[in-house]
Amino acid sequence: HASEPGVTVVAVNWNSLDFLSTWLEAVERFTPEPHTTMIIDNNSSDGSKQFLREQVGVSSIFLPFNVGHGPALDLAIRRAQTETVVVLDIDAIPISAAWLSEVLDPLESGAKIAGAHWQRDFIHPCFLAVKRSDYLDCGLTFRRFGYQPTGSRRRTPFFLDVGEAMSQRLMVEYSKAALHRIPVTSTRGPNWIGTVFGDVVYHNFYSTHGQGSTREIAAEAWEEAKNLYLS
């Protein structure tokens, strides 16, 4: 798995065109060094695919069906050509020119993954960096295990969210020092709807999958964030 020097910044998109255009703008504005931008599109039907085909300098992979968030990130790591991959959710945007160094420097100092620490002891893939060699050599995966309750479906006794198994695997192998945690530095709204990590990345929880009033509040927070960080 030979890799070229450099960084690939990755996001998975599914019917999130409004967020996608903002994401690309923020990454371009706040990423000071050369990088590759990659979007994995999970068979969107909202115009995202046409939009991506019109973008210059964006490497897009169009999947024939929605494989899910975790498997799409696994594909991105394997398709990337650079030594390091940085993952952002489609509703997580850089807000500082220091955002990339905040996760790259720890990897050079011995951490195996670096990024957002929200709840439970794992690096949240809304903002996560990993070297491809560590990902491949350790047999890591972003896949989730089990499921959370939705409607009448009961939660499985064992559940690991997207990216959570990766952190658990590395802590077993290398101890907790394998994880470099970037803490929450500010929040907006109920349920962590607008969350800033390390004053360098903003993530809008629930904006693309919330329900009812929660999604409406998240949409308002997203507009506020765009005005605050990108205007």
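D121 pairs up with K176 in a salt bridge, their closest N and O atoms sitting 3.3 Å apart. That joins distant parts of the chain: D121 is in the loop between β6 (113-117) and β7, K176 is in the loop between α6 (164-174) and β8 (179-182), and 55 residues separate them. Keep in mind that this is a predicted model. Searching the whole structure turns up 10 salt bridges.

**The D121 network**
- D121 also forms a salt bridge with R181, with 3.1 Å between the closest N and O atoms.
- Because D121 lies in the loop between β6 and β7 while R181 belongs to strand β8, this pair ties together parts 60 residues apart in sequence.
- Put together, D121, K176 and R181 make up a linked network of salt bridges.
- As for accessibility, D121 is partly exposed at 22%, R181 is partly exposed at 28%, and K176 is exposed at 54%.

**The R144 and D161 pair**
- R144 forms a salt bridge with D161, and here the closest N and O atoms are 3.9 Å apart.
- Both R144 and D161 are in the loop between α5 and α6, 17 residues apart.
- R144 is partly exposed, with 41% relative accessibility, whereas D161 is buried at 18%.

**Helix α3**
- In α3 (residues 69-79), the buried residues are G70, A72, L73, D74, A76 and I77.
- Those buried residues pack against the strands β1 (4-13), β2 (36-41), β4 (82-88) and β7 (123-131), plus helix α5 (132-137).

Definitions and conventions. Residues numbered from 1 in each chain as written. Predicted model: local features only at pLDDT ≥ 70, side-chain atom pairs only at ≥ 80, totals over all residues. Heavy atoms only, no water. Buried < 20%, exposed > 50% of the residue type's maximum accessible area, 1.4 Å probe, protein only. Helix = DSSP H or I, 4+ residues; strand = E, 2+ residues; numbered from the N terminus. Contact = heavy atoms within 4.5 Å. Salt bridge = Lys/Arg side-chain N within 4 Å of Asp/Glu carboxyl O.
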